[in-house]
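Student: I'd like to work out how this protein chain is put together. Could we look at the model and take it step by step?

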Amino acid sequence: MTTTIPSPRTEAPSQPALRFYGRTELARLYSPFTTDRTAWRRLQALIATTPGLADSLAQEGYRSNQRTFTPRQVALLFQTLGEPLE
């Protein structure tokens, strides 16, 4: 009987999909080891303090009280802040 030793994973880590995200769900991708509330506040701070990000999001229809990010807004965040690892 021969046993096969699995080879180490060489594939890249999975990247988040461009889809609709709830605000807390998206915030948790960037701050996975915090509470939902803290993650959302950190994402709000990143949006407010990253030059041009708030204006670019506003052009895509973002409002600070919305509960969901559209795929275009998510793409803009990923492009500006970098893609978080899932």
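Tutor: One term comes first: contact means heavy atoms within 4.5 Å. This is a predicted model, in which local features need pLDDT of at least 70 and side-chain atom pairs count only at pLDDT 80 or more, while totals for chains, interfaces and linings use all residues. Residues are numbered from 1 along each chain as its sequence is written, and side-chain values use heavy atoms, with hydrogens and water left out.

Student: Which pattern does the protein chain follow when read along the sequence?

Tutor: Helices (H or I, at least four residues) and strands (E, at least two) are DSSP runs, numbered from the N terminus. By that count the protein chain has 4 helices and 2 strands. Their order along the sequence is β-α-α-α-β-α.

Student: What share of the contacts with a separation of 6 or more comes from residues 24 or more positions apart?

Tutor: Buried means under 20% relative accessible area, exposed over 50% and partly exposed in between, with a 1.4 Å probe and protein chains only. Of the 86 residues, 28% are buried. As for the contacts with a separation of 6 or more, the share from residues 24 or more positions apart is 60%.

Student: Which parts cover the buried residues of α4?

Tutor: Start with the residues themselves: in α4, Q73, V74, L76, L77 and F78 are buried. Their cover comes from several elements, and it includes β1, α1, α2, α3 and β2.

Student: And what about α1: which parts cover its buried residues?

Tutor: Helix α1 spans residues 23–30, and R23, L26, A27 and L29 are buried there. These residues cover an arc of only 150° around the axis (taken from the directions from the helix axis to the C-beta atoms), so they lie on the same side of α1. The cover over them includes β1, α2, β2 and α4.

Student: How many aromatic pairs does the structure hold?

Tutor: Rings of Phe, Tyr and Trp (its six-membered ring) pair if their centres lie within 6.5 Å, and planes under 30 degrees apart count as stacked, over 60 as edge-to-face and the rest as tilted. With that rule, the number of aromatic pairs in the structure is 3.

Student: Why do Y21 and F78 count as edge-to-face, and how many residues apart in sequence are the parts they tie together?

Tutor: Their ring centres are 6.4 Å apart and their planes stand at 70°, so the pair is edge-to-face. Both Y21 and F78 are buried. Y21 belongs to strand β1 (residues 21–22) and F78 to helix α4 (residues 71–81), so the sequence separation between the parts they tie together is 57 residues.

Student: W40 and F69 form an aromatic pair as well; which elements hold these residues?

Tutor: This pair is edge-to-face, at 6.3 Å centre to centre with 65° between the planes. The two residues are 29 apart and link distant parts of the chain: W40 is in helix α2 (residues 36–49), and F69 is in strand β2 (residues 68–69).

Student: Are W40 and F69 buried or exposed, and which residues do ring pairs link into a cluster?

Tutor: W40 has a relative accessible area of 8%, so W40 is buried. F69 has a value of 0%, so F69 is buried too. Ring pairs link both of them into a cluster with one further residue, giving W40, Y62 and F69.

Student: How far apart in space are F69 and G22, C-alpha to C-alpha?

Tutor: Leaving aside its neighbours within four places in sequence, F69 has contacts that include R19, F20, Y21, R23 and L26. Others among its contacts are W40, L43, I47, Y62, V74 and L77. F69 and G22 are 47 residues apart in sequence, yet from C-alpha to C-alpha the distance is 6.3 Å.

Student: Is N65 buried or exposed?

Tutor: N65 sits in the loop between α3 (53–59) and β2. N65 and R23 are 42 residues apart in sequence, with 9.8 Å from C-alpha to C-alpha. The relative accessibility of N65 is 55%, so N65 counts as exposed.

Student: Last one: how far apart in space are A54 and S64, C-alpha to C-alpha?

Tutor: A54 is found in helix α3. Its relative accessibility is 34%, so A54 counts as partly exposed. A54 and S64 are 10 residues apart in sequence, and their C-alpha to C-alpha distance is 9.3 Å.
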